[in-house]
Amino acid sequence: MIESVELVLKSSQEKAVELLSKLVSFPVLGGESNILIAEWIESYLKEHGVEFTNVPNEEGNKRSIHCRIGPAVDGGIILSGHQDVVPVEGQTWTTDPFVLIDKNDGKLYARGSCDMKGFLACCLAALPEMLKADLKKPIYFAFSYDEEIGCLAAPELAEHIKSTYTEKPKYAIIGEPSMMQPVVGQKGIVVYKTHVNGSAGHSSRIRTEVSAINEAARLILWLENKMNQLVADGRTDERFIPPHTSIHCGIFEKSGIAPNIVSDKASFNWDCRVIPMDKSTEILAQFEAHCRELEKCNQSKFPDFKIVTELDHSDVPPLDTPEHLSIVPLIRELTGVDELTTVSYAAEAGQFSNAGFETVICGPGDIAQAHRADEFIEKDQLDQGVEFMFRLINKFS
Ligand SMILES: [Zn+2]
């Protein structure tokens with residue numbers, strides 16, 4: 001008996017809810033071991049007879065997973081998602097964050113329901129259909145860890161995929177919540193921490209000592225001026241809000257011990273969210289050059305005056321997928337949406353793109369629900385995610 005397509009779709013959509021409720025029950029926070037959820041995903045793949053490959057970290061307490069469904073031929077598509085979620089501490093949840101709750105309001109509540117275990121559930125729910133179909137081009141799953149603390153695992157995962165398979169996958173879809181809209185651009189992000197070492201002394205001696213607080217304040221203003229200068233130089237990209245690279249100091253560490261003592265220590269953290277045309281490394285190089293100048297000026301007063309900048313959050317590259325690439329008509333066809341959008345949040349998309357895959361972000365759920373208390377995904381979005389997988393299977397068969 002041939003089941004009707006609608007019935008198969010409906011049962012896969014129900015399966016996605018069931019799988020999502022399992023996936024959210026693993027409270028794997030970014031930075032923590034993901035072994036339990038990885039093992040569960042692997043056992044699901046095994047049950048379906050799918051061979052997979054692990055990409056473990058050095059300590060062996062975390063691993064990415066990738067696998068191929070379909071023939072070993074060029075031109076396949078990678079479906080990529082992360083297994084970790086952000087913490088719930090300090091948030092006021094009205095339900096258990098690690099239990100999928102259906103309140104019968106069309107929404108499914110749990111940490112990670114939206115970002116982004118919903119997408120993983122859609123991939124896994126459609127797996128039996130992918131296996132049944134006579135795929136002409138392969139579909140790959142690529143599930144990373146530690147995305148939420150700086151997209152740490154994706155570069156190695158993407159490289160591992162390239163070296164594992166003899167054929168060349170062509171496309172990558174990063175299933176971050178985008179309400180199933182095609183996203184072709186993403187800002188990059190990097191966070192630095194800068195430490196200023198000045199001299200301590202009586203505050204009346206301000207002309208003799210070097211205040212770390214004053215010098216740090218000047219550096220923060222230099223960064224703001226740098227941002228404004230980029231705009232004045234015409235380095236803007238109207239697809240983003242704001243339409244330029246933003247540079248911002250978010251933490252100024254408590255410095256100084258008394259109003260009448262010149263402070264010898266000051267530290268601050270600053271982030272730099274680059275539009276695709278700018279490079280965070282160039283901005284850092286200019287900042288460092290300015291710091292060396294400042295050191296020279298102040299070392300005549302205080303020889304140990306020093307400014308040290310360290311990486312506080314890995315450098316996540318931006319995404320800029322041009323419209324002429326063939327992934328653009330493909331994603332338009334699969335989503336039925338013509339309009340291409342951009343996002344300002346960080347994701348693994350730029351990393352997959354840099355690895356040589358034509359990449360877009362497209363996944364179920366709204367980013368507005370991500371990282372919040374009572375995170376949810378609309379059931380309709382999850383349904384659309386599964387439908388998307390079915391259209392992909394059709395397209396590739
Ligand atoms: Zn995410």
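How many bridges join strand β9 to strand β13, and in which sense do the two run? Eight close the gap in words, 8 in figures: 8 bridges join β9 (residues 189-197) to β13 (residues 265-273), and the two strands run antiparallel. The views below come from a predicted model, in which local features need pLDDT of at least 70, side-chain atom pairs count only at pLDDT 80 or more, and totals for chains, interfaces and linings use all residues. Residues are numbered from 1 along each chain as its sequence is written.

**View 1. The whole protein, for orientation.** There are 9 helices and 18 strands here (DSSP runs numbered from the N terminus: H or I of at least four residues for helices, E of at least two for strands). The C-alpha atoms fill a box of roughly 90 × 45 × 40 Å along the principal axes. Of the 397 residues, 45% count as buried (20 or more other C-beta atoms within 10 Å of a residue's own; 12 or fewer is exposed, in between is partly exposed, and C-beta atoms are placed from the backbone). Take the contacts between residues at least 6 apart in sequence, and 80% of them join residues at least 24 apart (a contact means C-beta atoms, placed from the backbone, within 7 Å).

View 2. Domain 1 covers 5-186 + 317-396, and domain 2 covers 189-315 (bounds from an automatic or database domain assignment). Their centres, taken over C-alpha atoms, are 37 Å apart.

**View 3. The four-strand sheet with β9 and β13.** This open sheet has 4 strands in the order β11-β13-β9-β14, with antiparallel pairing (a pair needs at least two DSSP bridges). β11 (246-252) and β14 (306-316) have a single partner strand each, so one side of each lacks a neighbour in the sheet. From one strand to the next, the twist averages 20 degrees. For a landmark, look for V190, which stands opposite C272 in β13. Helix α6 (residues 280-299) lies across β9, β13 and β14, at about 170 degrees to β14 (axes are lines fitted to C-alpha atoms, for helices over the stretch in contact, with angles from 0 to 180 degrees between N-to-C directions).

**View 4. Helix α5 against helix α6.** Helix α5 (residues 212-232) packs on α6 at an angle of about 145 degrees, with 11 Å between the axes. On the α5 side, the contact uses E215, W222, L223 and K226. On the α6 side are I283, Q286, F287, H290, L294 and N298. By class, that makes 5 nonpolar, 3 polar and 2 charged residues.

**View 5. M116 in its loop.** M116 sits in the loop between β5 (107-109) and α3 (117-132). Why does M116 count as buried? Because 29 other C-beta atoms lie within 10 Å. Beyond its neighbours within four places in sequence, M116 is in contact with G81, H82, G175, E176, P177 and G363. L325 is 209 residues away from M116 in sequence and 26 Å away in space, C-alpha to C-alpha.

**View 6. The three-strand sheet.** Here 3 strands make an open sheet in the order β4-β5-β18, paired antiparallel. The edges are β4 (101-102) and β18 (376-378), each pairing on one side only. Between β5 and β18 there are 3 bridges, and Y109 has F376 of β18 as its bridge partner.

Technical notes
Two residues are in contact if their C-beta atoms, placed from the backbone, lie within 7 Å. Ala, Val, Leu, Ile, Met, Phe, Trp, Tyr, Cys and Pro count as nonpolar, Asp, Glu, Lys and Arg as charged, and the others, Gly among them, as polar.
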